[in-house]
Amino acid sequence: MIRFLFLFMMLLAMAQTNHAQTVSKEAVTLKSVASFPLGAALNPKLLNNALYGRIAEREFSSVTAENHLKMHHIHPEQNRYDWSGGDALIAFAQRNGQRLHGHTLLWHQAVPKWVREFQGDSTAWEQLIKEHIQTVVGHYKGRIAAWDVVNEAFEEDGSLRKTIWLEHLGPDYIARCFRYAREADPDVKLFYNDYGQESSPGKLTAMLDMVADFKRRGIPIDGIGLQMHTNIRHPDRQIENTLRQTVNTGLLVHISELDIRINPDKKPDLVPTDALWQQQKQKFASIVRMYKTVVPKEQQHGITIWNIGDGDSWIPNFCKCQDFPLPFDKQYAKKPAYDGILEGLK
Ligand code: XIL
């Protein structure tokens with residue numbers, strides 16, 4: 001009888017330990033482990049999905065609007081602004097004590113029809129962007145911590161991208177956009193954001209030269225966004241080198257749109273294997289670790305993941321291929337990539 005009782009008590013104690021382990025494992029979230037802001041790009045429409053909303057709230061301390069602050073969304077007609085998407089995200093972020101990162105005031109791929117058809121001389125174009133920037137920054141003043149003022153203004157070779165903005169505003173338009181944003185909000189952090197600096201040395205140099213030029217001329221700029229849409233094969237040393245050079249500017253550094261493709265060859269029939277999930281996990285871990293070690297604390301604006309589940313990612317649409325670049329799967333279960341981020345953060 002005593003022996004039986006002893007066995008029973010042992011079993012009870014084991015069950016309790018197990019329970020405690022599950023509970024404490026559950027309590028660990030990315031943001032609870034991160035020593036810098038960890039963000040996700042969100043689509044306000046998906047917040048209706050309880051799982052999506054729960055992960056966005058539990059795991060992340062910063063929010064970027066994936067699309068809803070871009071010009072074609074927020075300024076669909078010359079005399080009409082649509083704040084609904086941005087305001088919904090702000091309300092979500094405020095409820096959860098999260099930071100809101102603004103993306104983006106000027107991007108050549110987010111041009112509304114009325115701008116494409118706009119007729120006017122250079123003064124009228126200048127007025128157009130000034131009004132857009134100052135209305136949007138002004139509307140969110142005090143509620144948005146940072147803005148990607150200009151997005152993707154350089155070609156891979158470092159020349160200025162031939163966009164509608166360059167055509168109508170001339171080569172110094174980027175500096176003027178930063179000035180307009182600063183006039184509208186003296187406290188918001190102003191970022192230049194671009195992709196592929198880790199694979200295009202010409203673009204990286206052009207961006208660093210621009211920062212040096214801004215400093216010389218007293219043009220306000222606070223940070224640089226490295227989008228980091230990358231893949232499992234991209235060499236760490238190129239990423240590290242890009243981080244180091246960006247850190248040398250003294251500005252804030254944001255890995256602003258991180259996702260890691262497992263199908264860089266765009267195989268139409270790719271079936272993910274455990275080996276691929278492990279490689280993706282390692283790449284997430286090493287990028288997060290590099291950020292943590294290479295970027296000094298006072299320059300860490302954070303890392304933002306470009307949405308949450310593989311089903312929400314922009315990549316399949318963009319590459320017209322199968323891919324699974326995010327830390328959660330289509331059903332919002334954690335992938336090995338999630339543990340990779342955790343590992344890198346620790
Ligand atoms: C993408 C969004 O993820 C897509 O939903 C949208 O259709 C196109 O834009 N660089 C950027 C982001 O700066 O704004 C882009 O986001 C991805 C590439």
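Helix 10 (residues 201-217) has 17 residues, and its first and last C-alpha atoms lie 24 Å apart, close to the 24 Å expected at 1.5 Å a residue. Helices (H or I, at least four residues) and strands (E, at least two) are DSSP runs, numbered from the N terminus. The expected span of a helix is 1.5 Å times one less than its number of residues.

The structure is a predicted model, in which local features need pLDDT of at least 70 and side-chain atom pairs count only at pLDDT 80 or more, while totals for chains, interfaces and linings use all residues. Residues are numbered from 1 along each chain as its sequence is written, and side-chain values use heavy atoms, with hydrogens and water left out. The pLDDT is the predictor's confidence in each residue, from 0 to 100. Its mean over the chain is 94, and 92% of the residues reach 70 or more. Residues 17-23, however, have a pLDDT below 50, and this stretch has zero contacts in the model beyond near neighbours in sequence. A contact means heavy atoms within 4.5 Å.

Back in helix 10, the buried residues are K203, L204, A206, M207, L208, M210, V211 and F214. Buried means under 20% relative accessible area, exposed over 50%, and partly exposed in between (1.4 Å probe, protein chains only). The elements that cover these buried residues include helix 9 (173-184), strand 5 (189-194), strand 6 (223-226) and helix 11 (236-247). Just after helix 10 comes G218, with a positive phi of about 70 degrees.

Helix 5 (residues 84-95) can be read in a similar way. Its twelve residues should span 16 Å at 1.5 Å a residue, and the end C-alpha atoms are 16 Å apart, which agrees. G85, G86, L89, I90, F92 and A93 are the buried residues of helix 5. Seen down the helix axis, they fall within an arc of 165 degrees, so they line one face of helix 5. The arc is that of the directions from the helix axis to the C-beta atoms. An α-helix has 3.6 residues a turn, so residues three or four places apart point the same way. The buried residues of helix 5 pack against strand 1 (38-42), helix 3 (50-59), strand 2 (62-65) and strand 3 (99-107). On the face turned away from the buried side are the exposed residues Q94 and R95. Helix 5 is followed by G97, whose phi is positive, near 65 degrees.

Aromatic rings come next. Rings of Phe, Tyr and Trp (its six-membered ring) pair if their centres lie within 6.5 Å; planes under 30 degrees apart count as stacked, over 60 as edge-to-face and the rest as tilted. The count comes to eleven aromatic pairs. One of them joins Y52 and Y332 edge-to-face, at 6.0 Å centre to centre and 70 degrees between the planes. Y52 lies in helix 3 and Y332 in the loop between helix 13 (315-319) and helix 14 (336-345), so the pair ties together parts that are 280 residues apart in sequence. Both Y52 and Y332 are buried.

The last feature is a disulfide, defined here as a pair of cysteine sulfur atoms within 2.5 Å. There is one disulfide by this rule. C319 and C321 form the disulfide, with their sulfur atoms 2.0 Å apart. The torsion about their S-S bond is about -85 degrees, so the disulfide is left-handed. C319 is buried, with a relative accessible area of 10%, and C321 is buried, with a relative accessible area of 10%.
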